[in-house]
Amino acid sequence: MGLLSLSSINAQEKITTVKSQFKINVLLPGFVYEHGLSTKNTLYSELSSGYGYTSNGFGKTYTFYPIINEQFRHYYNLEKRAKKEKVTAHNSGGFVAVIALYNFRSISTNDNFRPANSSITISPVWGFQLTYKGNLTLI
């Protein structure tokens, strides 16, 4: 009787986004926080760094600049993945988003060579996030 009750509860569980998760970005060193707003929507916030290299006839220069990345994500296929018994943990699935990306002014640019200004980008995005064993996430 106890097993039937437990199975009944598991069958009725609703697939939903994780309420709160913290990640470390290793490719562009930084920190990520994703907050679940509803069963399919999250706010993705990232503070990381960008790097660049420029070379022309006058010389070469390296750039280093901080980045703020804010996204409102809608995960559209969590239930479909769960029915196929695919991973849905840690918001693993496809998403569409609106992204606001702010690149700060480079803190290492040689202004005599090429000035590097700050910039902002706002754009729609389609993506896929998958979490592997050991909580390694690829986006």
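Student: Gln-129 lies in strand S6 (residues 119-131). What is a strand here, and how are the residues numbered?

Tutor: Strands (E, at least two residues) and helices (H or I, at least four) are DSSP runs, numbered from the N terminus. Residues are numbered from 1 along each chain as its sequence is written, and this is a predicted model, in which local features need pLDDT of at least 70 and side-chain atom pairs count only at pLDDT 80 or more, while totals for chains, interfaces and linings use all residues. Side-chain values use heavy atoms, with hydrogens and water left out.

Student: Is Gln-129 buried or exposed?

Tutor: Relative accessible area decides this: under 20% is buried, over 50% is exposed, and anything in between is partly exposed (1.4 Å probe, protein chains only). Gln-129 has a relative accessible area of 0%, so this residue is buried.

Student: Which side chain makes a polar contact with the side chain of Gln-129?

Tutor: A polar contact is a pair of N or O atoms within 3.5 Å; within protein, one must be able to donate a hydrogen and the other to accept it, and residues adjacent in sequence count only if both atoms are side-chain atoms. The partner is the side chain of Tyr-75, at 3.4 Å, and a polar atom of the Gln-129 side chain also lies 3.2 Å from the backbone oxygen of Asn-91.

Student: What is the order of the strands in the open sheet?

Tutor: Two strands pair if DSSP finds at least two bridges between them. The seven strands here follow the order S1-S2-S3-S4-S5-S6-S7, with antiparallel pairing, and the edge strands, each pairing on one side only, are S1 and S7 (137-138). S6 and S7 are joined in the antiparallel sense by two bridges, with Thr-137 in S7 as the bridge partner of Thr-131.

Student: How many bridges pair strand S1 (residues 20-25) with S2?

Tutor: Six bridges hold this antiparallel pair, and Ser-20 stands opposite His-35 in S2; the hairpin that joins S1 to S2 runs through four residues. S2 is in turn joined to strand S3 (residues 41-56) by seven bridges, again antiparallel, with Phe-31 opposite Leu-47 in S3. The covered face of S2 (residues 30-36) carries Gly-30, Val-32, Glu-34 and Gly-36, whereas Phe-31, Tyr-33 and His-35 make up the uncovered one.

Student: How many aromatic pairs does a search of the whole structure find?

Tutor: Rings of Phe, Tyr and Trp (its six-membered ring) pair if their centres lie within 6.5 Å; planes under 30 degrees apart count as stacked, over 60 as edge-to-face and the rest as tilted. The search finds four pairs, and one of them, Phe-22 with Phe-31, has centres 6.0 Å apart and planes at 20°, so the pair is stacked. In the pair of Tyr-102 and Phe-104 the centres are 4.7 Å apart and the planes at 85°, which makes the pair edge-to-face. Phe-22 counts as exposed at 55% relative accessibility, while Phe-31 is partly exposed at 49%.
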